[in-house]
Amino acid sequence: MEATNVHLETKATAEPTAPIIDVRDVELTLTSRAGAVEILRDVTLEVFPGQSVAIIGPSGSGKTSLLMVLAGLERATRGQVNIVGEDFAAKSEDELALARSRDIGIVFQSFHLVPTMTALENVALPLEFAGNRDAFSIARDLIREVGLAERTEHFPAELSGGEQQRVALARAMAGRPRLLLADEPTGNLDRRTGSHVIELLFDLHKRHGATLVLITHDDSLAAKCERIIRMSDGRIVADERVASDTRNNQTMVAR
Ligand SMILES: Nc1ncnc2c1ncn2[C@@H]1O[C@H](COP(=O)(O)OP(=O)(O)O)[C@@H](O)[C@H]1O
Ligand SMILES: [Mg+2]
């Protein structure tokens, strides 16, 4: 065991861990009726496996657009987009969808559950798509993990906002993603409910070891991450590390 560790350490020194997000000189320009709009400019960002990163900035600063590029849901107009070791610019839509289902979990502000499916079916869906024969048993375990064992057969409309977001979290974790992207996941929840969802999000991030990118308006939430990236007018204008004592002292309380 000792000898193996030494070997791995030597190797690690020779080949430093590759970033899970490696985005360089990214521009995103969308054409609207009024003409071309520059949404992202000069965005360069490296995130390493297991990190937690908050993205903050005023409304309209490009946070969601950046997340869409990281998820391969929006194509950069220019620049390098290397996510989970794959060149997203070179991939077809089908290949991007496959990379997403294999390695990326996404949580949106407005939950995005399928209304005609139960909680269990919503969580099992991505696993079924991926051809996983244990989709329902894995989904059942995840639903239990997010504390909704009693709500398995409920439809989204029969669940509170917080419960729906917990289902969405379970669904995002279903494929055991290496990268978890969350866009204001508590934006539609009251503070107390939001704090439960956030505890769960960080718990999943830590326990499953997924890299977390979290867009938020909430400074105390951002400070729970190891790193805070600030956006303004489509650019990254600050990138700061959060001291670990600050981070651990952040508790979400109802105000
Ligand atoms: N499909 C689109 N076409 C044109 N402009 C868009 C489109 N989507 C977003 N935008 C614009 O891009 C900018 C950044 O939006 P967004 O990424 O949603 O910001 P944030 O998430 O920080 O609020 C905004 O000015 C928004 O109006
Ligand atoms: Mg947004």
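All five of the residues of strand β8 (residues 211–215) are buried, where buried means that 20 or more other C-beta atoms lie within 10 Å of a residue's own, exposed means 12 or fewer, partly exposed lies in between, and C-beta atoms are placed from the backbone. T211, V213 and I215 point one way from β8, whereas L212 and L214 point the other way. In a regular strand the side chains alternate between the two faces of the sheet.

This is a predicted model, in which local features need pLDDT of at least 70 and side-chain atom pairs count only at pLDDT 80 or more, while totals for chains, interfaces and linings use all residues. Residues are numbered from 1 along each chain as its sequence is written, and chains are lettered from A and ligands numbered from 1 in the order in which they are written.

**Overall form**

- The protein chain holds nine helices and ten strands; these are DSSP runs, helices being H or I of at least four residues and strands E of at least two, numbered from the N terminus.
- For 255 residues a compact globule would have a radius of gyration near 18 Å, and the protein chain agrees with this at 19 Å; the radius is taken over C-alpha atoms, and the globule rule is 2.2 Å times the number of residues to the power 0.38.
- The C-alpha trace spans about 65 × 45 × 45 Å along its principal axes, and 38% of the 255 residues count as buried.
- Among contacts with a separation of 6 or more, 69% are between residues 24 or more positions apart, a contact being two residues whose C-beta atoms, placed from the backbone, lie within 7 Å.

**The six-strand sheet around β8**

- An open sheet of six strands runs in the order β6-β7-β8-β3-β9-β10 with mixed pairing, two strands being paired if DSSP finds at least two bridges between them.
- The edge strands of this sheet are β6 (104–107) and β10 (235–241), each of which pairs on one side only.
- Neighbouring strands of this sheet are turned by 15 degrees against each other on average, direction ignored.
- β8 pairs in the parallel sense with strand β3 (residues 52–56) over four bridges, and five bridges join β8 to strand β7 (residues 179–183), also parallel.
- V213 in β8 is the bridge partner of V53 and likewise of L181.
- Four bridges link β6 and β7 in the parallel sense, with G105 standing opposite L180 in β7.
- Helix α2 packs on this sheet, touching β3, β7, β8 and β9 (227–232), and its direction makes about 150 degrees with that of β8; axes are lines fitted to C-alpha atoms, for helices over the stretch in contact, and angles run from 0 to 180 degrees between N-to-C directions.

**The four-strand sheet**

- Four strands form an open, antiparallel sheet in the order β2-β1-β4-β5.
- β2 and β5 (86–87) stand at the edges with a single partner strand each, so one side of each is left without a neighbour in the sheet.
- Nine bridges join β1 to β2, and T31 has A36 in β2 as its bridge partner.
- α2 packs on this sheet as well, touching β1, β2 and β4 (78–83), with its direction at about 65 degrees to that of β2.

- Just after α2, G72 takes a positive phi of about 75 degrees.
- The shell around ligand 1 consists of L30, S32, V37, I39, G57, S59, G60, S61, G62, K63, T64 and S65, each with its C-beta atom, placed from the backbone, within 6 Å of the ligand.
- β1 (21–32), β2 (35–47) and α2 (63–70) each give two or more residues to this shell, and α2 gives the most, with three.
- The shell divides into three nonpolar, eight polar and one charged residue, where Ala, Val, Leu, Ile, Met, Phe, Trp, Tyr, Cys and Pro count as nonpolar, Asp, Glu, Lys and Arg as charged, and the others, Gly among them, as polar.

**Positive phi outside glycine**

- D25, which is not a glycine, has a positive phi of about 50 degrees; D25 lies in strand β1 and is exposed, with 12 other C-beta atoms within 10 Å.
- V84 also has a positive phi, near 45 degrees; V84 lies in the loop between β4 and β5 and is buried, with 22 other C-beta atoms within 10 Å.
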